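I set out to record what I looked up in this structure.

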Amino acid sequence: MIPKGALIGVHNVTLKLNGSTTEAEYLAALESKLIPVFSKVFECEVHVLKYLRGTSENKIGLLFVFKDSATRDKFYSSEGVLNEAGKAAWAKVEPIEAELRKLGTRSGFYIDWAVQ
């Protein structure tokens, strides 16, 4: 269960795979390499979501769960841009992100929700 007060970020992501990389290979690297480090340094949980129905066919979802909005705000400005603490955290993630870019790139949009 997600507790009241938690902040949920739902990301709708388009993958552009490089060369012969498959979606399964990309997601395996994302889940085994990037997500554990990102979760630790940004103090959140991250889950990969698989499309079932609706308006996001051929996309993946990423679900970010922060304890509360204050935890998210330690790393991001109100405009969603990394602040100084966020940049320091991202510096730990960037080498892994660079590795993932060899497999493919992600783009998309997000919506943050507060659990009531």
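**Entry: basis.** I noted that this is a predicted model, in which local features need pLDDT of at least 70 and side-chain atom pairs count only at pLDDT 80 or more, while totals for chains, interfaces and linings use all residues. Residues are numbered from 1 along each chain as its sequence is written, and side-chain values use heavy atoms, with hydrogens and water left out.

**Entry: the sheet.** I looked up the strand order and found an open sheet of four strands, β2-β3-β1-β4, with antiparallel pairing. Strands (E, at least two residues) and helices (H or I, at least four) are DSSP runs numbered from the N terminus, and two strands pair if DSSP finds at least two bridges between them. Which strands stand at the edges? They are β2 (44-50) and β4 (104-114); each has a single partner strand, so one side of each lacks a neighbour in the sheet. From one strand to the next, the twist averages 20 degrees. I then checked β1 (residues 7-17) against β3 (residues 60-66), which pair in the antiparallel sense over seven bridges. Within this pairing, glycine 9 has phenylalanine 64 of β3 as its bridge partner.

**Entry: helix α1.** I recorded that α1 packs on the sheet and touches β1, β2, β3 and β4, and that its direction makes about 165 degrees with that of β2. Axes are lines fitted to C-alpha atoms, for helices over the stretch in contact, and angles run from 0 to 180 degrees between N-to-C directions. Contact means heavy atoms within 4.5 Å.

Next I turned to serine 39, which lies in α1 (residues 23-41). Is serine 39 buried or exposed? Serine 39 counts as buried because its relative accessibility is 16%; buried means under 20% relative accessible area, exposed over 50%, and partly exposed in between (1.4 Å probe, protein chains only). A polar atom of the serine 39 side chain lies 2.8 Å from the backbone oxygen of isoleucine 35. Setting aside neighbours within four places in sequence, serine 39 is in contact with Cys44, Glu45 and Val46.

**Entry: two loops.** Glutamate 43, not a glycine, has a positive phi of about 55 degrees. Glutamate 43 lies in the loop between α1 and β2 and, at 40% relative accessibility, counts as partly exposed. Asparagine 58, in the loop between β2 and β3, has a positive phi near 65 degrees. Asparagine 58 is exposed, with a relative accessible area of 69%.

**Entry: the largest pocket.** I noted a volume of about 690 Å³ for the largest pocket. Of the 30 residues that line the pocket, the closest to its centre are His11, Phe38, Phe64, Tyr76 and Tyr110. A pocket is an open set of points on a 1 Å grid over the protein atoms alone, where a 1.4 Å probe fits, with protein on both sides within 12 Å along at least five of seven lines; lining residues have an atom within 4 Å of a point. Grid points are joined across faces, edges and corners, and the volume is the space filled by probe spheres set on them. Which element gives the most to the lining? That element is β4, with seven residues.

**Entry: glutamate 97.** I found glutamate 97 in helix α3, where it counts as buried at 8% relative accessibility. A polar contact of 2.8 Å joins the side chains of glutamate 97 and arginine 106. A polar contact is a pair of N or O atoms within 3.5 Å; within protein, one must be able to donate a hydrogen and the other to accept it, and residues adjacent in sequence count only if both atoms are side-chain atoms.
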